[in-house]
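Please look over the structure below before reading the notes.

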Amino acid sequence: MLRGFRPQALVGALLWRYRWTNLTFVLLIAVSVGIGVGLIAQERGLRQGTARAADKFDLIVAAPGSEITMMFAAVYLQPSDVPLLSGAAFDEIANHEQVDLAAPIAFGDSYRDSPVVGTTAEFVTHLAGGLAEGRMFELTSEAVAGSSVDLALGASFEPAHGVGDAAEEGAHAGQELTVVGRMPATGSPWDRAILVPLESVWEVHGLVNGHAPERRQQIGPPFDPDYFPGTPAVLVRAEALWANYALRSEFTRDDMMAFFPGAVLAQLHALMGDVRQVMSVMAVLTQVLVTAGVLTGLIVLARLFARRLALLRALGAPGRFVFAVVWAYAATLIALGSLAGLAIGWIAVRIISKVVTARTDILVTATLDWPEFHLIAGFFSFTVLLALLPAFMAMSRHIITDLRA
Amino acid sequence: MRIFVLLLSLLILAAQPALASESHGASEEHHEDGHEEHHDDDHADHEGRAHGITALHAWIRATSAKEALLFVEIENGSDMEVRIVGGETDIADSVDLVGFQMKDGEADYAVLPGVPVKPGKDLVLAPNGLALRLNGLKQSFHKGDDFEIEIEFDVGHIEMHAQVEAANATQHSHAGHQH
């Protein structure tokens with residue numbers, strides 16, 4: 001179709017001549033494409049971020065109740081008031097032959113906006129690998145801070161009872177804890193948490209500390225069931241996946257519930273996916289409307305320079321040339337719009353991810369991947385095909401009428 | 001010429017929604033409260049019993065893909081620990097016991113060697129959990145269809161019928177009904 005021609009110069013001239021109109025067209029296309037791209041990429045980023053934050057939590061065992069509430073409390077540190085598992089229950093879990101790790105997670109206290117969670121050294125190692133600085137807690141007055149907690153090594157603090165606005169400062173007056181270690185970043189709300197020995201949480205509340213009197217100084221398992229006040233949740237892990245399923249079946253009974261945070265999260269993600277589908281349809285509709293608008297604009301523009309094109313044809317340029325010019329013009333606008341849309345989507349996604357990460361402490365890093373590129377490729381091919389329309393119409397105009405206009 | 005161009009454009013515009021986003025799997029399906037009459041044969045179709053083990057409400061989602069996940073409730077009424085290891089059926093090339101897990105933020109089903117069920121306990125195979133994956137399906141399935149499945153344990157096997165539920169179902173349509 002283009003053999004022997006050089007429409008580039010003319011197309012370039014047309015682009016420059018109507019540059020503000022063209023810029024508007026490009027921006028319109030860019031914004032609508034950016035919305036579609038941003039939506040898909042962001043939803044995927046959120047899904048992956050929340051799943052990665054729950055990665056270390058294989059199986060959670062707790063007193064019977066709502067799985068979602070317990071998941072938000074134990075995995076994402078959005079605590080609620082929940083019943084406790086008894087010492088006997090914990091003992092049974094910890095001594096089960098298939099259990100490789102049984103770590104209590106006792107949330108409830110806080111310091112400023114950091115949850116203070118009682119647990120064991122094993123849990124700290126499992127969650128974050130080694131420590132970034134300092135050492136593990138060895139006394140009930142020691143603590144390990146998450147990577148973004150605003151306390152330096154050696155700093156002391158007093159935990160408040162409860163979390164957030166309902167926290168009672170001074171409820172634990174006189175109980176001072178000192179930070180002796182810091183965890184590396186985990187990309188989860190645990191970066192904001194302060195971990196203390198489980199015994200410390202009980203002592204701070206004036207309860208027995210989990211060990212019989214003769215072992216009162218001990219930190220960490222084994223605990224004595226008779227001196228175990230209770231813990232809201234236990235993280236359980238077996239090496240093999242089938243063993244985790246067997247444990248879930250076994251620990252689902254009248255006095256306990258066991259669930260996979262991963263499975264609960266998958267259900268929540270399915271809900272997010274449905275919302276995303278609805279919004280995708282709206283984004284596609286936006287793209288269709290914008291494309292229709294742009295093409296209408298092109299048809300109008302084509303009429304505007306119909307006279308010049310008719311002149312060219314009168315001078316001997318074949319219809320194909322006019323077709324090529326109009327089509328190349330439209331295609332260039334669409335291409336520029338799509339690329340700009342990709343850039344806008346990328347920037348929007350980075351900004352939104354930063355905001356979400358700051359707000360929720362879950363590391364969200366959305367990136368553009370094949371689904372977005374497929375969307376852009378699809379949009380581009382389709383609209384470039386649609387752009388054949390104005391090109392056809394320009395080509396089939398009556399030369400004499402245009403010359404006389 | 002112009003009419004042709006106009007028709008072509010309308011056709012292309014109408015086709016665009018088909019280029020839209022991926023289809024999604026599960027979403028809540030409300031339990032249908034059609035309390036139909038249960039005939040005796042219907043009861044037998046929903047459960048299978050052998051070796052003290054009861055298997056209840058086997059189902060898959062309607063699909064025309066090459067794989068399907070079969071879900072079922074297992075009750076170990078015997079006094080020994082049993083182990084579900086897999087299955088066999090005429091309508092698929094092979095059956096694997098698989099377990100759901102989140103890997104790097106994406107859903108993944110891993111093949112499992114078997115899962116033990118202690119005496120007196122239940123094991124529920126359900127979406128986002130355990131399932132029997134039917135590989136190489138030989139036909140497509142629509143809601144309301146029915147086929148035979150043999151569930152294998154270390155102590156023997158159970159034969160029963162499985163129902164085909166809607167493509168976005170999250171549970172058997174008779175789940176919760178006592179038998």
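The notes that follow are grouped by topic.

This is a predicted model. Its overall scores are an ipTM of 0.72 and a pTM of 0.79.

**Confidence in chain B**
- The mean pLDDT of chain B is 78, and 72% of the residues score at least 70.
- Among the elements of chain B, strand β9 (residues 130-137) has the highest mean pLDDT, at 93.
- The lowest mean among those elements, 56, belongs to helix α2 (residues 40-46) of chain B.
- Over residues 17-42 of chain B, pLDDT stays under 50.
- For that stretch, residues 17-42 of chain B, the model has 26 contacts beyond four places in sequence.

**Overall form of chain A**
- Chain A contains 13 helices and 11 strands.
- Its radius of gyration is 32 Å, whereas a compact globule of 405 residues would have one near 22 Å.
- Along the principal axes, the C-alpha atoms of chain A fill a box of roughly 110 × 45 × 35 Å.
- Of the 405 residues in chain A, 45% count as buried.
- Taking contacts in chain A between residues at least 6 apart in sequence, 77% join residues at least 24 apart.

**Helix α7 of chain A**
- Helix α7 of chain A spans residues 241-250 and is largely enclosed by the rest of the structure, because 9 of its 10 residues are buried.
- The buried residues of α7(A) include Trp242(A), Tyr245(A) and Leu247(A).
- Asn244(A), Arg248(A), Ser249(A) and Glu250(A) are also among the buried residues of this helix.
- Ala243(A) and Ala246(A) are buried in α7(A) too.

Key:
Residues numbered from 1 in each chain as written. Chains lettered and ligands numbered in written order. Predicted model: local features only at pLDDT ≥ 70, side-chain atom pairs only at ≥ 80, totals over all residues. Buried ≥ 20, exposed ≤ 12 C-beta atoms within 10 Å, placed from the backbone. Helix = DSSP H or I, 4+ residues; strand = E, 2+ residues; numbered from the N terminus. pLDDT = per-residue confidence, 0-100. Contact = placed C-beta atoms within 7 Å. Rg over C-alpha atoms; globule rule 2.2 N^0.38 Å.
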